[in-house]
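Please read them with the structure open beside you.

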Amino acid sequence: WTLATLVPVSRVVGLELWNLCSQQTWVRPEEIARQHSESQFDMHGNNKNADWNPGYVIIMGGKWLEILTKGNVQAGVHRVVSTSLTSRTSAPKKLYSRGDATTAWCNEWQCV
């Protein structure tokens, strides 16, 4: 279990996150990031990011974060699918808690 996972956006779309709000669809954050980048135009109407270089990072909450926030931040459910014949590279960074870390468990507004 992790606190969170950081995933740099890839040039090749493939990461999908389960939409926890509707629980009926998968969302492609890399596609959203690319669309956002392509929508950025300068004052002359030229695309500032014609050669798209993703500079976005996707942060997915982990199971420990879900437990510590009592479900206010839910662990991200994800999958990676092939959407292209181009190979895809990803280098996620997982954040773990220390093995000797402790926390005060809170009940409503009072910590014990």
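1. Where do E66 and K63 lie, and how many residues apart are they? The model is a predicted one, and in it both residues belong to helix α2, three residues apart, which is about one turn of the helix. Their side chains meet in a salt bridge, with 3.6 Å from N to O. K63 is partly exposed, since its relative accessible area is 33%.

2. On the overall make-up, the secondary structure of the protein comes to two helices and eight strands, and read from the N terminus the elements follow the order β-β-β-α-β-α-β-β-β-β. The protein has 112 residues, of which 21% count as buried. It exposes about 8,300 Å², and 54% of that area is supplied by carbon and sulfur atoms. Among contacts with a separation of 6 or more, 65% are accounted for by residues 24 or more positions apart.

3. Turning to the sheet, three strands form an open sheet in the order β3-β2-β5, and their pairing is antiparallel. Strands β3 (26–27) and β5 (78–80) stand at the edges with a single partner strand each, so one side of each is left without a neighbour in the sheet. Strand β2, which covers residues 15–18, pairs with β5 in the antiparallel sense over three bridges. Within this pairing, L17 has H78 of β5 as its bridge partner.

4. Which residues make the nonpolar surface patch of about 350 Å²? The patch is made by W1, W64 and L68. L68 has its place in helix α2, residues 63–68, and is partly exposed, with a relative accessible area of 43%.

5. The structure holds two aromatic pairs. The pair of W1 and W64 is edge-to-face, with 5.2 Å from centre to centre and 70° between the planes. This pair links distant parts of the chain, for W1 lies in the segment before β1 (4–8) and W64 in helix α2, 63 residues apart. W1 is exposed, with a relative accessible area of 60%, whereas W64, at 32% relative accessibility, counts as partly exposed.

6. The rings of W18 and W26 also deserve a look: their centres are 4.9 Å apart and their planes stand at 65°, so this pair is edge-to-face. W18 is partly exposed, with a relative accessible area of 27%, and W26, at 30% relative accessibility, counts as partly exposed as well.

7. As for charged side chains, a search of the whole structure finds five salt bridges. One of them joins R28 and E31, whose side chains meet at 3.9 Å from N to O. R28 counts as partly exposed at 28% relative accessibility, and E31 is partly exposed too, with a relative accessible area of 33%. Salt bridges also link E16, R28, E31 and R79 in a network.

8. Is E30 buried or exposed? E30 is buried, because its relative accessible area is 0%, and buried here means under 20%. The side chain of E30 meets that of R88 in a salt bridge, at 2.9 Å from N to O. This pair links distant parts of the chain, with R88 in the loop between β5 and β6 (93–95) and E30 in helix α1 (residues 29–38), 58 residues apart.

9. A last point concerns T5, which has its place in strand β1. At 11% relative accessibility, T5 counts as buried. Neighbours within four places in sequence left aside, T5 is in contact with I58, I59, M60, P92, K93 and K94.

Key: Residues numbered from 1 in each chain as written. Predicted model: local features only at pLDDT ≥ 70, side-chain atom pairs only at ≥ 80, totals over all residues. Heavy atoms only, no water. Pairing = 2+ DSSP bridges. Helix = DSSP H or I, 4+ residues; strand = E, 2+ residues; numbered from the N terminus. Patch = residues over 30% accessible without salt bridge, like charges linked within 9 Å, V, L, I, M, F, W, Y side chains within 5 Å. Areas by Shrake-Rupley, 256 points an atom, 1.4 Å probe, with all protein chains shown as cover. Salt bridge = Lys/Arg side-chain N within 4 Å of Asp/Glu carboxyl O. Buried < 20%, exposed > 50% of the residue type's maximum accessible area, 1.4 Å probe, protein only. Phe/Tyr/Trp six-rings, centres within 6.5 Å; stacked < 30°, edge-to-face > 60°. Contact = heavy atoms within 4.5 Å.
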